[in-house]
Amino acid sequence: MIQNNDDAVARTRYFIISLTRLFGAIMLILGILVVNGTIGWPDIAGYALIVVGIADTFLIPQILVRRWRTPPQ
């Protein structure tokens with residue numbers, strides 16, 4: 001089965017957005033574990049991970065969706 005180039009681009013973009021959300025959630029959980037003291041890193045690292053994790057989970061995917069939106073025909 002030969003894929004259309006547009007389909008391949010759409011699948012790649014969806015995959016990138018999904019990975020961004022997944023890694024953001026992982027960073028958020030890791031940051032919470034650091035702040036709670038479960039992981040022995042400095043608290044500032046935990047807070048930084050929380051901020052970056054929230055951005056990667058909620059903000060960055062929306063920016064990518066807007067940037068990659070198909071222009072109206």
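Reply: The largest pocket has a volume of about 210 Å³. This is a predicted model, in which local features need pLDDT of at least 70 and side-chain atom pairs count only at pLDDT 80 or more, while totals for chains, interfaces and linings use all residues. Residues are numbered from 1 along each chain as its sequence is written, and side-chain values use heavy atoms, with hydrogens and water left out.

Me: What is meant by a pocket, and which residues line the largest pocket?

Reply: Rolling a probe the size of a water molecule over the atoms shows where empty space is left. On a 1 Å grid over the protein atoms alone, a cavity is a set of points where a 1.4 Å probe fits but cannot get out, whereas a pocket is an open set with protein on both sides within 12 Å along at least five of seven lines, and lining residues have an atom within 4 Å of a point. Grid points are joined across faces, edges and corners, and a volume is the space filled by probe spheres set on the points. Here the lining of the largest pocket consists of Asp6, Val9, Ala10, Arg13, Tyr14, Ile17, Trp68, Arg69, Thr70 and Pro71.

Me: Which helix gives the most to that lining, and how many of the lining residues are charged?

Reply: Helices (DSSP runs of H or I, at least four residues) are numbered from the N terminus. Helix H1, residues 5-36, gives the most to the lining of the largest pocket, with six residues. Sorted by class (Ala, Val, Leu, Ile, Met, Phe, Trp, Tyr, Cys and Pro as nonpolar; Asp, Glu, Lys and Arg as charged; the others, Gly among them, as polar), the lining has three charged, one polar and six nonpolar residues.

Me: Which residues of H1 are buried, and what covers them?

Reply: An α-helix has 3.6 residues a turn, so residues three or four places apart point the same way. Buried means under 20% relative accessible area, exposed over 50%, and partly exposed in between (1.4 Å probe, protein chains only). By that rule Ile17, Thr20, Gly24, Gly31 and Val34 are buried in H1, and what covers the buried residues of H1 includes helix H2, residues 43-68.

Me: What does Thr20 touch, and what does Thr57 touch?

Reply: A contact needs heavy atoms within 4.5 Å. Thr20, in H1, counts as buried because its relative accessibility is 15%, and, not counting residues up to four places away in sequence, Thr20 touches Asp56, Ile60, Pro61 and Leu64. Thr57, in H2, is buried because its relative accessible area is 16%, and, with residues up to four places away in sequence not counted, Thr57 touches Arg21, Gly24 and Ala25.

Me: Where does Leu30 lie, and which residues does Leu30 touch?

Reply: Leu30 has its place in H1 and is partly exposed, with a relative accessible area of 25%. Not counting residues up to four places away in sequence, Leu30 touches Ile39, Trp41 and Leu49, and the C-alpha atoms of Leu30 and Ile50, 20 residues apart along the chain, are separated by 7.8 Å.

Me: Is Val51 buried or exposed?

Reply: Val51, in H2, is exposed, with a relative accessible area of 57%, and its C-alpha atom is separated by 9.5 Å from that of Gly24, 27 residues apart along the chain. Val65, also in H2, counts as partly exposed at 30% relative accessibility.

Note on methods:
Helices (H or I, at least four residues) and strands (E, at least two) are DSSP runs, numbered from the N terminus.
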